[in-house]
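Look over the sequence and the structure before reading on.

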Amino acid sequence: MKLKSLKIGNIVTKNNIFLAPLAGFSDFAMRSICLSYGAGLAFTEMVSCEGLLYNNENTNDLLYTTDDEKIKCAQIFGNDPDVMRRAIELPTLDKFDVIDVNFGCPMPKIFQNGEGSALLDKPHLAQKIISELKKSGKTITAKMRIGITRGNYVTEDFVKALEQGGVDMITVHGRTRDMIYSGEPNYDEIYKAKRAVKVPVIANGGIFSVEDADKMTDNTGADGIMLARGALERPWLFSELCGKEVEVDKKSLIYRHIDLLNTHFDDSTTAVLFRKQICLYIKGEVGNVKLKDKIFKMKNTADIKTAVGEFFDGKR
Ligand SMILES: Cc1cc2nc3c(=O)[nH]c(=O)nc-3n(C[C@H](O)[C@H](O)[C@H](O)COP(=O)(O)O)c2cc1C
């Protein structure tokens, strides 16, 4: 795919390959790592506007950022334009340059609350949310799915509504809510989104390799792509997309990731937080299940590092 800089509202990106919001994963450490491998933007996981207004401690950790993030991007969810505008005016969100709105989360709790992908059936409300948020003067982007159920696509009407609300960029995850995270992304629907609006359209879904990225951009004409699970398993995919040859030393990457988390969290929290990520880093390695079992019993990062060191050194 062709790399290019994008103008999105008030910001200009260095390229058009971004890290997706990923609940439980796209924390400051993962964002730093992906940015260092070449990601043009990296988004926090979705945070609840209600939670922000009621000063939920947990959201502060989710919104922790470092200077590695030159352009800071947060994702929010909610369904009340006024509540959402008040939330993004809070000091916690003040440091963010880009606010992305979630119109795609398929989880029952969110959906039944009329948030995330439930809004796909309410283009007027989605438009109102965007126009209300735009009053902040910030760059406002949106991430959506192509519909709630297969065959009932809302893409064209929905992107037009978002554009009328003043949105600055739209990421289209080419799956419906009922597909959750499986199945081929629907390239035609993303193509339709690209044709329907003037703002940059970013394609998302099923990109795990340079070939997948080429296929996605060739088939959709999208202005850029957003990596999700592909980046969690192989954050160096960003470098590959930038045309750089990468020699990956997984042991060093794992140590670096742990050290980054330790700059903000206490050691036992880091040990617990890192468990889910290590599964992805060691996916496909011979003996990974045994290592995973060992690590899940460990309560400090020194022990995890020793186990990881022995695992990878033993392979040499
Ligand atoms: C564990 C997990 C957490 C996710 N959290 C979010 C989120 O907070 N906000 C969001 O817009 N999408 C979220 N997504 C969806 C991804 O951003 C992305 O749209 C989806 O995984 C499709 O891309 P992929 O096929 O490349 O993984 C999540 C996906 C996964 C697997």
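Is glutamate 132 buried or exposed? Glutamate 132 counts as buried, because its relative accessibility is 8%, and the cut-off for buried is under 20%. The model is predicted.

## Salt bridges

The count of salt bridges comes to 18. Glutamate 132 pairs with lysine 135, at 3.0 Å from N to O. Lysine 135 counts as exposed, at 59% relative accessibility.

Arginine 85 bridges to aspartate 82, with the closest N and O atoms 2.7 Å apart. Both lie in helix α4 (residues 81-88), 3 residues apart, about one turn of the helix. Arginine 85 is buried at 17% relative accessibility. Aspartate 82 is partly exposed at 34%.

Lysine 250 meets glutamate 285 in a salt bridge of 2.9 Å, N to O. Shared partners join Asp82, Arg85, Arg86, Glu89, Lys128, Glu132 and Lys135 into one network of salt bridges.

## Helix α13

Helix α13 spans residues 250-262 and has 13 residues. From first C-alpha to last, α13 reaches 18 Å, close to the 18 Å expected. At its start, a side-chain oxygen of aspartate 249 comes within 3.2 Å of the backbone nitrogen of lysine 251.

Buried residues of α13 include Leu253, Ile254 and His257. The buried residues of α13 pack against α1 (28-36), α14 (267-281) and α16 (301-313).

## Ligand site

The ligand is surrounded by 19 residues. The closest are Ala23, Gln75, Asn204, Gly206 and Arg229. A ligand nitrogen sits 2.7 Å from a polar backbone atom of alanine 23. A ligand oxygen lies 2.8 Å from a polar side-chain atom of lysine 143. Taken alone, the ligand exposes 610 Å², and the protein buries 89% of that.

Key
Residues numbered from 1 in each chain as written. Predicted model: local features only at pLDDT ≥ 70, side-chain atom pairs only at ≥ 80, totals over all residues. Heavy atoms only, no water. Helix = DSSP H or I, 4+ residues; strand = E, 2+ residues; numbered from the N terminus. Expected span 1.5 Å × (residues − 1). Buried < 20%, exposed > 50% of the residue type's maximum accessible area, 1.4 Å probe, protein only. Contact = heavy atoms within 4.5 Å. Polar contact = N/O pair within 3.5 Å; in protein donor to acceptor, adjacent residues only side chain to side chain. Near = heavy atom within 4 Å. Areas by Shrake-Rupley, 256 points an atom, 1.4 Å probe, with all protein chains shown as cover. Salt bridge = Lys/Arg side-chain N within 4 Å of Asp/Glu carboxyl O.
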